Amino acid sequence: MVQSSKDRAVELVREADAAGVNGDTPTMRLFSLLELIAAKDQLVTLQGLVEETGMPKPTLHRMLQQLEGAGLLVRQADGRHYGTGVRLRRLAENLLLNATHHGSRHAVLKHLVDELGESCNITALSGSEIVYLDRVETPEPLRFYLRPGSRVPIHCSASGKIILAQMSPGQRRKLLAHAPLKQYTPKTITDLDALEEEFARIRRDGFALDDEEFLPGLVCVAVLVPSRTGRSNLAVAVQAPVMRLTADKALQALPALQRAAEAIREVEAEGSPGAADAIPS
């Protein structure tokens, strides 16, 4: 018997719902598929999604084409793998930058600056860079000024290194392969093996240090904002000129940074469930 287009549409909805790609409308089912892809820390393929969801290949192929055409997904050079697109990453950044709970997060950061007396910031990974989501400057006349929305290299910033340290070696190398390891100062680490040693130390100690690796005379220490999923994409950091914040003195700021990180985790959990989880990259 020939199946009507209406019956086929109902069948596809049931198949999608059973696979966890659900929604009351085609748009919401596309969004559900996008959520599934964005939650992964690796590229996906059409066949892999077919096997994971149990949905028909033509249906998934059509949905992927729609998301790709909208700039929300991007197909890799091999033509098989899909990753999150620039438009989706910008959406994730804007949500974090302009969230309704931004005021509470900013208040935590201001208290941290009052406690430490130096500039502090909240950052996240975006693509192959670190983006400043929020920042409060020190009242000290000598300071390095960076505004929210500023971007810094991932391989020589404290926030970048602590976020990278959570990844597998393969994930890190793949990301760093597309982020030129530029030598910003004589202390910048540009050798991948040397960076792996640095990541091992970061995982052991629970913090990352930028000891004049990005800008001469600037020292920064960062800790992760805890995430419910175990892997976080938010970091909180303090930075100051080396004459006020040496590498040794930076360690004294760790208790205050860790308290602030926990407070930010609570703000993120209340304001937007999952907001401290990974941004698509």
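**Close-up views of a predicted model**

**View 1. Confidence along the chain.** The chain averages a pLDDT of 82 in this predicted model. Of the residues, 84% score at least 70. Residues 5-19 fall below 50 in pLDDT. Beyond near neighbours in sequence, that stretch has 19 contacts in the model. Residues 272-281 are also below 50. Here the model has 35 contacts beyond near neighbours in sequence. Where pLDDT is low, the predicted coordinates should not be read in detail.

**View 2. Helix α2 against helix α4.** Helix α2 spans residues 26-38, and helix α4 spans residues 57-69. Their axes come within 10 Å and cross at roughly 85°. An angle of 65 to 115 degrees counts as roughly perpendicular, so α2 and α4 are roughly perpendicular to each other. From α2, the contact draws on Arg 29, Leu 30, Leu 33, Leu 34 and Ile 37. From α4 come Leu 60, Met 63, Leu 64, Gln 66 and Leu 67. By class, the contact residues are eight nonpolar, one polar and one charged.

**View 3. Helix α3 against helix α4.** Helix α3, residues 46-53, packs on α4 at an angle of about 125°. The two axes lie 10 Å apart. That angle makes α3 oblique to α4. The crossing of α3 past α4 is right-handed. On the α3 side, look for Leu 46, Gln 47, Leu 49, Val 50 and Thr 53. They meet Lys 57, Leu 60, His 61 and Leu 64 in α4. This contact divides into five nonpolar, three polar and one charged residue.

**View 4. Helix α8 against helix α9.** Helix α8 covers residues 169-177, and helix α9 covers residues 192-205. Their axes come within 12 Å and cross at roughly 130°. This makes α8 oblique to α9. α8 passes α9 in a right-handed crossing. Pro 169, Arg 172, Arg 173 and Leu 176 form the α8 side of the contact. Leu 192, Asp 193, Leu 195, Glu 196, Phe 199 and Arg 203 form the α9 side. The contact residues split into five nonpolar and five charged, with no polar ones.

**View 5. Ser 150 in its loop.** Ser 150 sits in the loop between β5 (129-136) and β6 (151-153). Its relative accessibility is 13%. Buried means under 20%, so Ser 150 counts as buried. Setting aside neighbours within four places in sequence, Ser 150 contacts Ile 130, Val 131 and Tyr 132.

Definitions and conventions: Residues numbered from 1 in each chain as written. Predicted model: local features only at pLDDT ≥ 70, side-chain atom pairs only at ≥ 80, totals over all residues. Heavy atoms only, no water. Axes fitted to C-alpha atoms, helices over the stretch in contact; angles between N-to-C directions. Helix = DSSP H or I, 4+ residues; strand = E, 2+ residues; numbered from the N terminus. Parallel < 35°, antiparallel > 145°, perpendicular 65-115°, else oblique. Contact = heavy atoms within 4.5 Å. Nonpolar A, V, L, I, M, F, W, Y, C, P; charged D, E, K, R; others polar. Buried < 20%, exposed > 50% of the residue type's maximum accessible area, 1.4 Å probe, protein only. pLDDT = per-residue confidence, 0-100. Left-handed = near helix turned anticlockwise from the far one by under 90°.
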